[in-house]
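Me: I have a model open and want to learn how to read its features one at a time. Can you take me through it?

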Amino acid sequence: MQELRPWIGKPPISIPPDIPGYRLVRGENINIFRASILGILLVPVWWILFLVVVPILSGVDELNGTISIVNILTVISFILVVVVVHELLHGLAILGSGHLPSFGAGPGFFYTTCHEPLSRNAYILVVLLPLLAINLGSIAVAGIWPGAMGWALVISIMNTMGAGGDIWMFIRLLRVPRSALIVDMASGYAVYEPDQATTASPVEP
């Protein structure tokens, strides 16, 4: 496990725990480099989608902008804001599942974690909420306020680049049965399936 620094809340789980009625079937640590590459590769896809959908909503099909010191500083500020909002949205999804989130940082990334097992669907919501909320929100803002189209695109691109690990986990979790429980370990996750030898009550999403 990578060295993780808790900021708010308890340190993340480092060893998959025993869950009565369930058996551990696999665990995975996220390769940050691969996840980052995935996020970068998805940027052109998102760029095209954004530039197709926003003109339909706003009627404006021109993207104007200039490079200046002020704009560069604004982009840096947006990066910090997007990172914070991204992690808070992970935390909001955890709260919605009935649990408390913890926040921290690892080498090259920030994390939000939960110390209780979640159902597969609840965990997928935790994983995807920041990507969907920020990116769809940027489309809505650009559609309502065309003058903000450039900044909305910048924000959503930064969010997409930073969501590589989330997207990677979502793809991997599609193979996990709905009856499974997921334990988050900040830099990865562990998958549990019902033990056929016992009767277990699944965790509600």
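**Reading the fold**

Reply: From the N terminus on, the protein chain runs β-β-α-α-β-β-β-α-α-α-β-β. That makes five helices and seven strands. Both are DSSP runs numbered from the N terminus: helices are H or I with at least four residues, strands are E with at least two. This is a predicted model: local features need pLDDT of at least 70, side-chain atom pairs count only at pLDDT 80 or more, and totals for chains, interfaces and linings use all residues. Residues are numbered from 1 along each chain as its sequence is written, and side-chain values use heavy atoms, with hydrogens and water left out.

Me: How many strands are in the open sheet, and in what order?

Reply: Start with pairing: two strands pair if DSSP finds at least two bridges between them. The open sheet has four strands, ordered β2-β7-β6-β5, with antiparallel pairing. Its edge strands are β2 (22-29) and β5 (118-119), each pairing on one side only. β2 and β7 share seven antiparallel bridges. Within β7, Y189 is the residue opposite E28.

Me: Which strand does β3 pair with?

Reply: β3 pairs with β4, antiparallel, over six bridges. A105 faces F110 in β4. Two residues separate the strands of this hairpin, and G108 takes a positive phi near 90° there.

Me: Why is β3 described as largely enclosed?

Reply: Check burial: buried means under 20% relative accessible area, exposed over 50%, partly exposed in between, with a 1.4 Å probe and protein chains only. Six of the six residues of β3 (residues 101-106) are buried, so the strand is largely enclosed by the rest of the structure. P101, F103 and A105 point one way, S102, G104 and G106 the other. Across the protein chain, buried residues make up 41% of the 205 residues.

Me: Where is A186, and is it buried or exposed?

Reply: A186 is in the loop between β6 (181-184) and β7. Its relative accessibility is 17%, so A186 counts as buried. A186 is not a glycine, yet has a positive phi of about 70°.

Me: Which residues have the most contacts inside the largest nonpolar core?

Reply: A nonpolar core is a set of buried Ala, Val, Leu, Ile, Met, Phe, Trp, Tyr and Cys residues joined through side-chain atoms within 4.5 Å. The largest has 23 residues, and Y123, L173, I182 and Y189 have the most contacts inside it. α1, α2, α3, α5 and β7 (188-194) each give two or more residues to this core. α3 gives the most, seven residues. Apart from this core lies another of ten residues, including V43, I139, M149 and L153.

Me: What does I182 touch?

Reply: Contact means heavy atoms within 4.5 Å. Not counting residues up to four places away in sequence, I182 touches a list including P117, L118, Y123, L173 and V191.

Me: How is the largest pocket lined?

Reply: Rolling a probe the size of a water molecule over the atoms shows where empty space is left. Here 36 residues line the largest pocket, and E87, F109, F110, G162 and A163 lie nearest its centre. α2 supplies the largest share of the lining, seven residues. A pocket is an open set of points on a 1 Å grid over the protein atoms alone, where a 1.4 Å probe fits, with protein on both sides within 12 Å along at least five of seven lines; lining residues have an atom within 4 Å of a point.
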